[in-house]
Amino acid sequence: MGAGHGHRLHYHGHSALHRMPAECKLIALLIFVLAVVATPRTQYWAYGLDALALSVAVACSRVPVSYLAKRMVVETPFVVFAVLLPFIAVGERTQFLGVTVSADGLEAGLSLLAKATLGVAAGLLLAATTEPRALLAGLEGKLPQQLVQIMAMMIRYLDVTGDQLRRMRIARESRGFVATQPRHWPVLGHAAGALFVRSYERGERVHLAMLSRGYSGTLPGLAPPPASAGDWSRALLLPAAAALVALAAWLLR
Amino acid sequence: MHVPDGFINAPTSIATGVVAAGALAVALRKAGDELDEKTAPMAGLVAAFIFATQMLNFPVGAGTSGHLLGGALAAVLVGPWTAILCMSTVLLVQSLLFADGGLTALGTNVTLMGIITVAVGWGIVKIVTVVGPNSPKTVVAGAGLGALISVPAAAFAFVGLFEFGGTADIRLSTLMAAMVGWHVLIGVGEAVITALTVSSVLAVRPDLVYAARHLLSPRPLEIRTDPKPVTS
């Protein structure tokens, strides 16, 4: 349990964004993505303004852009879908870069790409500037207490379980086994089964350890002092900008 | 495949959010029956297990590989309500910590991958174990069949949602054929992996497989007394 206790997406720092209470950042992210999603889809300038506002926030956080860019790969499957949309959608045809595509599909593909990219980038910024523990504290009171507890346990043992899986792979490979085709699946199935038994038994041990320390169904409060009005007003700058942009885009449509 | 922001329009996203929240509220109450007061540590560890197994790559050949989604597997191993909690927690953490799946699409993702896969998978396992012979093989077969159908069922539901609140005009038949066809293939992989994993757990710790609990004979607590007490 020596290393790797943070999560891999957290970028250590002390910027204004890092110090901001997690609950403010969570609400700000939620309003920001809602505003982006609600923006009418042909108003491309609106996405540009949203991206500009978000990049100001990224600059304030002092998280390197390359750090965030590398993690944007989670979006890949939907980039593929967005690229395919103009070709598979129906309706009126139009010319785009010399190819005949569906006008509706093209609009939908471009706006999907813009909205998904803004959503992923904003989400990554939250993850990069917020420690998991702070995030859980921010969720307390907003989600059912038991769900927050389950999430806390999951995050706490995420790396332990992941490392167990990695050790099992190293053990297999050090015995000369590397799975390359479906007939090797039974071995991997056993690995998954063994991981379940180990995780479950670990859960039982953790539960007993918690009981021996006086656990009675609730965890001691994680919550830091409530966010001040100043925190909220700073946190809501970005979503307010996005909401204004969305409103303007509706009015100018 | 997590649905990102902007894929499904706002009203549909809110509707799926309400569905997901309602199902989660019921699951939180019912999971207590499956795990009693152990809910938080056990569900947390099982969620970490699901997250880790999703990183276990199963090679398909030609350099490609697939991974488990885990809805049906979780239902078979820990029971449907705990499974819904675990899958939803995994999706919540993936959305907040890994930006995998949009925050506005969280309700959609939980409904599709956390609730539909578990409900369909569990329903089929239940039917198979009631109809089939009383043996561990029936549970394995049920788990495989449940996993096989749960994945295209979620794809089917996605197509339905997209038809209501999608942001592009795609012919329903095209999308249905592509999505469901592709997910039947994924479902075959899911079925094999789920069946293999369940049979592996059944071989070593049958008591940990929720769907196989009826196979174990109950062992009441007995207090054995020494027939000849030692006198000191």
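**Domains, chain contact and a helix pair**

The C-alpha centres of domain 1 and domain 2 of chain A lie 33 Å apart. The model is predicted. The domain assignment gives domain 1 of chain A two segments, 16–137 and 226–251. Domain 2 of chain A covers 142–212.

Chain A also meets chain B. On the chain A side, 72 residues are in contact with 57 residues of chain B. Several helices of chain A give two or more residues to this side. They are H2 (22–38), H5 (76–88), H6 (103–129), H7 (132–139), H8 (145–174) and H9 (185–212). H9(A) gives the most, with 18 residues. By class, the side of chain A that touches chain B has 47 nonpolar, 20 polar and five charged residues.

Within chain B, one helix pair was examined. Two packed helices are described by the angle between their axes and the distance between the axes. Helix H3 (residues 71–78) of chain B packs against helix H4 (residues 80–98) of chain B at an angle of about 135 degrees. The axes of H3(B) and H4(B) are 7 Å apart. The crossing of H3(B) and H4(B) is right-handed.

From H3(B), the contact is made by B:Gly71, B:Ala74, B:Ala75 and B:Val78. H4(B) contributes B:Pro80, B:Thr82, B:Ala83, B:Cys86 and B:Met87. Seven residues of this contact are nonpolar and two are polar. No charged residue takes part in the contact of H3(B) with H4(B).

Notes
Residues are numbered from 1 along each chain as its sequence is written. Chains are lettered from A and ligands numbered from 1 in the order in which they are written. This is a predicted model: local features need pLDDT of at least 70, side-chain atom pairs count only at pLDDT 80 or more; totals for chains, interfaces and linings use all residues. Domain bounds come from an automatic or database domain assignment. Two residues are in contact if their C-beta atoms, placed from the backbone, lie within 7 Å. Helices (H or I, at least four residues) and strands (E, at least two) are DSSP runs, numbered from the N terminus. Ala, Val, Leu, Ile, Met, Phe, Trp, Tyr, Cys and Pro count as nonpolar, Asp, Glu, Lys and Arg as charged, and the others, Gly among them, as polar. Axes are lines fitted to C-alpha atoms, for helices over the stretch in contact, and angles run from 0 to 180 degrees between N-to-C directions. A crossing is left-handed if the near helix is turned anticlockwise from the far one by less than a right angle, and right-handed if clockwise.
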